[in-house]
Amino acid sequence: MANSALRSRRWALLALIFVPGISMASWVTRTPAIRDHLGASTAQMGLILFGLSIGSMLGILSSGALVARFGARAIAALGTVAIVAAMPVIGLGTLADVAGLVALGLFLFGAGMGSGEVALNVEGAAIEAAGGKNFLPLLHGFFSLGTVIGAAAGIAATASDFDVVTHMLLIGVVTAGLFAVSIGRLPAGTGKAEQRQGSGTARDETSRAPATLILLRDRRLLCIGYIVLAMALAEGTANDWLPLLMVDGHGFAPAMGSTVYLVFAAAMTLGRFCGGAVVDRFGRAPILAASAVSGALGLAVVAFVDVPWAAMAAVVLWGLGASLGFPVALSAAGGSAAESGGADAAARVSLAATIGYLAFLAGPPTLGLVGEDFGLRNALIIPLVAVLAAIAAAPALRGRAAEREVESSST
């Protein structure tokens with residue numbers, strides 16, 4: 001019964017993280033059609049996209065406190081409902097030619113994804129601890145699978161001139177169904193801060209609280225947080241700039257630029273589906289270091305090698321390298337609670353995930369500003385340097401307990 005409940009919980013979480021993946025790719029691939037339907041200029045599209053930025057910022061910054069207050073299931077439910085509602089709102093805004101309504105849909109999507117995905121990662125770390133084996137790579141693999149399916153469907157819809165409003169409404173129906181059959185399978189209370197009892201002093205309360213300020217004193221956790229940030233930056237750079245980078249930087253046709261992004265998403269999915277077993281076999285630190293090397297090599301070739309076929313091949317290395325960084329580092333963040341003698345694994349995962357999603361939010365516009373003056377290929381130096389530094393930080397993923405296990409197994 002316990003194993004059956006855990007399997008049901010796993011599948012529910014996999015379905016829930018599939019929702020933002022397919023939704024995001026559906027929006028990205030239909031952006032040109034929505035822009036043309038609205039008749040929006042580039043400046044007007046920038047204002048519409050500002051709704052996404054505001055929603056994402058609010059969702060990310062509030063997620064940790066909300067999970068601690070209400071638990072992961074409640075915030076995952078709230079975030080997923082917002083994502084499910086976002087696609088029909090975008091579609092209806094497009095149908096009505098109301099740019100503000102499209103911006104509202106993007107605000108809902110950003111807020112839902114920013115808050116909901118942190119909650120899903122907290123729940124995933126709890127499942128990983130309960131099952132005794134790596135689960136977060138597979139969890140993020142289903143997000144990537146959603147992006148692959150959403151991108152493929154979006155490309156096909158664009159090629160066949162399928163109505164964009166109907167497309168957005170269908171995505172809303174599909175994701176609503178996934179939410180309805182999944183959310184009730186998650187337990188209540190995961191990640192929720194324990195209710196304090198008794199009449200202890202304020203100092204006692206502070207010493208027991210997994211407060212962010214206390215966690216920020218943990219140097220190992222901060223190192224892990226940096227790795228999450230660096231690898232999230234590598235992943236987010238591709239999600240936001242890869243098609244344009246291939247078109248403007250390497251002379252690909254627009255359709256081929258979108259296909260290259262699909263190749264990247266497929267490499268991410270493959271890496272994450274295979275990653276759990278590999279991490280179980282070799283450990284977090286060496287796999288993270290190897291992933292960072294692969295990602296750095298891919299970024300370097302795309303940035304500095306002026307050969308189109310080499311750039312396309314390098315995207316595979318980039319995708320495989322970026323695939324495991326975020327989930328493996330989050331897994332280490334949860335495991336660092338035992339190393340520190342605390343029981344604040346959920347708070348640690350929440351903090352590390354928040355740092356990573358801030359990179360998703362701030363990284364792309366920063367690269368855009370740099371790319372405006374120096375070119376997008378040169379702007380790749382920023383994520384490249386960040387990933388190279390993550391290689392040096394990778395040993396932080398190996399805790400003292402893990403080191404003792406390795407030593408005992410080799411004797």
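Seven helices each put at least two residues into the lining of the largest pocket: helix 1 (2-38), helix 2 (42-70), helix 4 (99-131), helix 5 (136-159), helix 9 (219-250), helix 10 (254-282) and helix 13. Helices here are DSSP runs of H or I with at least four residues, numbered from the N terminus. The model is predicted, so local features need pLDDT of at least 70 and side-chain atom pairs count only at pLDDT 80 or more, while totals for chains, interfaces and linings use all residues. Residues are numbered from 1 along each chain as its sequence is written, and side-chain values use heavy atoms, with hydrogens and water left out.

Back to the pocket. The largest one holds about 2,100 Å³ of space, and of its 49 lining residues, Val28, Thr31, Leu49, Asn239 and Asp240 are the closest to its centre. A pocket is an open set of points on a 1 Å grid over the protein atoms alone, where a 1.4 Å probe fits, with protein on both sides within 12 Å along at least five of seven lines; lining residues have an atom within 4 Å of a point. The volume is the space filled by probe spheres set on those points, which are joined across faces, edges and corners. Helix 2 gives the most to this lining, 9 residues.

Now hop to helix 13 (residues 345-374), where you'll find Gly356. Gly356 counts as buried because its relative accessibility is 0%; the cut-off for buried is under 20% relative accessible area (1.4 Å probe, protein chains only). Leu229 is 127 residues away from Gly356 in sequence, yet their C-alphas sit 4.3 Å apart.

Conventions
Buried means under 20% relative accessible area, exposed over 50%, partly exposed in between (1.4 Å probe, protein chains only).
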